[in-house]
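My notes are below, in the order I looked things up.

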Amino acid sequence: MIWGSAKAHPSLALIKYWGKSDVIANTPATGSLAVTLDELTTLTRACVNSEPQDEIWVNGLLQPTQRFASFLNSLKAEAGLNGTFFRVESQNNFPTAAGLASSSSGFAALTGAFFALAEQLDSRLPRPSLTRMSELAREGSGSAARSIFGGFTLLDAGSRWALPLHHQDFWPDFRILIGIVSENSKAVSSRNAMEVSRKTSPYFSEWVTSSVELLQRSLESLEHRDWATLGPLIRQSYLRMFATMFTSSPPLILWQPQSVAILHTLENLRKEGANVWETMDAGPQVKIFCPADELTDIQRQLETQLPDVRWMAARPGPDIELGHGENP
């Protein structure tokens, strides 16, 4: 049996994308600046299924077909493999659907594994460029467009593909520390939550408008590797995003007591002189940024004060990696 495989890493937004400019095309209402995380991985492999149906397995669990049907049909049309059925197996080394951008690496890895397999099934089929894979992955998850690329990436408002800004080694000092408050899956998907915010939050239009300047200032700060200006912008972005979530109807309150405890601890560390900043996504997890030479001390203090939180350290990661094999 011939397999195509791919390894992708989640894309963590520093400046947030929240809301769609086009729900059908799945394009973002706001631009986002993100970093790809090295130590968190999604490994996916795909083969032709012996059964007359598509199957998607994530962490050993069969997924509802309807969540992936439209996306798989787009991949099949791109490769000229309409009428062929596939079996896909995907594994994450971090919690799935829990606010850690697993959909970004998941759909990126699925895209890569599919085309790694397709080029073996038909040697005349050229492998799509990373930009084209980014465009296709976006149909499954907006943030997956960014996960195709490593390092620091940009997905502009309304764009159909992401842009690689800087290689993973651009900022050697940049470290990420992730506080995993809960391993459980979210009660509501990010896609559905975005629509609730767009339709019901009185602050949503201001969120979209203000994000333009926030993104531009952040891009300038990133160019200069400037913690002092980028850190507060990262914090402003996620707090403004959550303002739309808290004021939605019904309100989208995904934080847990441990999430808030981490935020208070980080504020105290900043008052003591630590160069540490944080962001959050649609979930209870807290993602922290700091210089490499401060990581060990910051992590030690957080582990001491918050022993029930699981911590994962990471750095900027690489582009998606494709492979293939037989009977792995």
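Predicted model: local features only at pLDDT ≥ 70, side-chain atom pairs only at ≥ 80, totals over all residues.

**Entry 1**

I started with the strand order. I found an open sheet of four strands running β2-β5-β10-β11, and the pairing is antiparallel. At the edges sit β2 (11–15) and β11 (163–166), each pairing on one side only. I get an average twist of 35° from one strand to the next.

Then I zoomed in on β2 and its partner β5 (residues 32–36): the two run antiparallel and are joined by four bridges.

**Entry 1: α2 against α3**

Next I looked at helix α2 (residues 102–121) and helix α3 (residues 130–140). Their axes come within 8 Å and cross at roughly 125°. Angles of 65 to 115 degrees count as roughly perpendicular and those over 145 as roughly antiparallel, so I call α2 and α3 oblique to each other. The crossing of α2 and α3 is right-handed.

Which residues do the touching? On the α2 side I listed F107, A108, T111, G112 and F115, and on the α3 side M133, L136, A137 and G140. Sorted by class, this contact between α2 and α3 has six nonpolar residues, three polar ones and no charged ones.

The peptide bond that joins S249 and P250 is cis, with omega about 0°. I placed P250 in the loop between α7 (227–246) and α8 (257–271).

Two asparagines came up on phi. N26 has a positive phi, near 60°, and it sits in the loop between β3 (20–22) and β4 (27–28). N59 has a positive phi too, near 50°, and I found N59 in the loop between β7 (55–58) and β8 (61–62).

Are these two asparagines buried or exposed? I checked the relative accessible area of each. N26 comes out at 2% and, since buried means under 20%, N26 is buried. N59 comes out at 30%, so I logged N59 as partly exposed.

How values were computed:
Residues numbered from 1 in each chain as written. Heavy atoms only, no water. Axes fitted to C-alpha atoms, helices over the stretch in contact; angles between N-to-C directions. Parallel < 35°, antiparallel > 145°, perpendicular 65-115°, else oblique. Left-handed = near helix turned anticlockwise from the far one by under 90°. Contact = heavy atoms within 4.5 Å. Nonpolar A, V, L, I, M, F, W, Y, C, P; charged D, E, K, R; others polar. Buried < 20%, exposed > 50% of the residue type's maximum accessible area, 1.4 Å probe, protein only. Pairing = 2+ DSSP bridges.
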